[in-house]
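Let's take a walk through this protein together. Have the sequence and the 3D view open side by side as you read.

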Amino acid sequence: MSKIAIMGAMPEEIEPLLAKLENVQECIYAANTYYQGEYKGKEVVVAYSKIGKVFATLTATMLIEKFCCDALLFSGVAGAISDELQIGDLVIADGLCQHDLDITAFGHPYGYVPEGEVCIPTDVNLRNIAKAVAHEKGLKLKEGVIATGDQFVANPERKEWIGQTFKADALEMEGASVAVVCSALNVPFFILRAISDSADMDAGFDFDAFLESSAKISADFILEMVDRIER
Ligand code: 4EZ
């Protein structure tokens, strides 16, 4: 019997999920609250990690090792790099990289450390489920690289650099951490984001204005996927 982890970074990113769970049991572990419950008869564990790579690594690890989840879905918001992405649009990662990882002084490419990989791919089966949901609901869904780093990007030059260096379409602060943990532990994972801003001068303002609405777009889509995952 499978158990699905659904993770966000901020309370706003998981609130629309919690609102639809049944038989919820709260449990505090490793200084974080985990919500164990059911969605349409399927067992899920929901948690927000707090912002950034370190907290996201901790939460993803706990969801797998402590709560025994055997798939992990991330739901949240992101800054757009691609100009095909507007506020509220959905993007799924085919791969994730760390844009702030830099040992280029030793001749390595950006985002690479020995025994790691620049871009970690997400589970193909989960991506296909997402495409089926998008098709059925008539929703636009972009697939591309998502770049992760411990920075809220609100700078057109930095955004451009990340886009060119990693061929990335969107950026955020947790996805690659989930990718590192799940690929190391052989757990299928999936990263979905709805755009909240364009990572440029207006990013802070747009983020505050669209966090809630975009987080809900992402969360609603994730629950459609949960409904379709074979147990
Ligand atoms: C991080 N998340 C933002 C957290 C911002 C403010 C209190 C997503 C995100 C993002 N990350 C949305 N837009 C972003 C941007 N422009 N740069 C980085 O995952 C917390």
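Two residues are in contact when they have heavy atoms within 4.5 Å of each other. Keep that in mind, and keep in mind too that this is a predicted model.

Start with Ser 214, which sits in helix H6. Leaving out residues up to four places away in sequence, Ser 214 touches Val 77, Ile 87, Gly 88, Ala 194, Ile 195 and Ser 196. Its side chain also reaches the backbone oxygen of Ile 195, at 2.8 Å. Is Ser 214 buried or exposed? Ser 214 counts as buried because its relative accessible area is 1%.

Now for the greasy part. Nonpolar side chains tend to be buried together in soluble globular proteins. Here, the largest nonpolar core has 38 residues, and the members touching the most others are Met 7, Leu 72, Leu 96, Val 178, Phe 189 and Ile 191. Among the elements giving two or more residues to this core are strand E1 (4-8), strand E5 (71-80), helix H5 (175-184) and helix H6 (203-228). A separate second core holds 27 residues, including Leu 21, Val 44, Leu 73 and Phe 221.

Finally, the ligand. It is surrounded by 16 residues, the closest being Val 77, Val 153, Met 173, Glu 174 and Asp 197. A side-chain N or O atom of Asp 197 is 2.6 Å from a ligand nitrogen, while a backbone N or O atom of Met 173 lies 2.9 Å from a ligand oxygen. On its own the ligand exposes 490 Å², and the protein buries 85% of that.

Key
Residues are numbered from 1 along each chain as its sequence is written. This is a predicted model: local features need pLDDT of at least 70, side-chain atom pairs count only at pLDDT 80 or more; totals for chains, interfaces and linings use all residues. Side-chain values use heavy atoms; hydrogens and water are left out. A nonpolar core is a set of buried Ala, Val, Leu, Ile, Met, Phe, Trp, Tyr and Cys residues joined through side-chain atoms within 4.5 Å. Buried means under 20% relative accessible area, exposed over 50%, partly exposed in between (1.4 Å probe, protein chains only). Helices (H or I, at least four residues) and strands (E, at least two) are DSSP runs, numbered from the N terminus. A residue is near a molecule or strand if one of its heavy atoms lies within 4 Å of it. A polar contact is a pair of N or O atoms within 3.5 Å; within protein, one must be able to donate a hydrogen and the other to accept it, and residues adjacent in sequence count only if both atoms are side-chain atoms. Accessible areas come from the Shrake-Rupley method with a 1.4 Å probe; for residues, only the protein chains shown count as cover.
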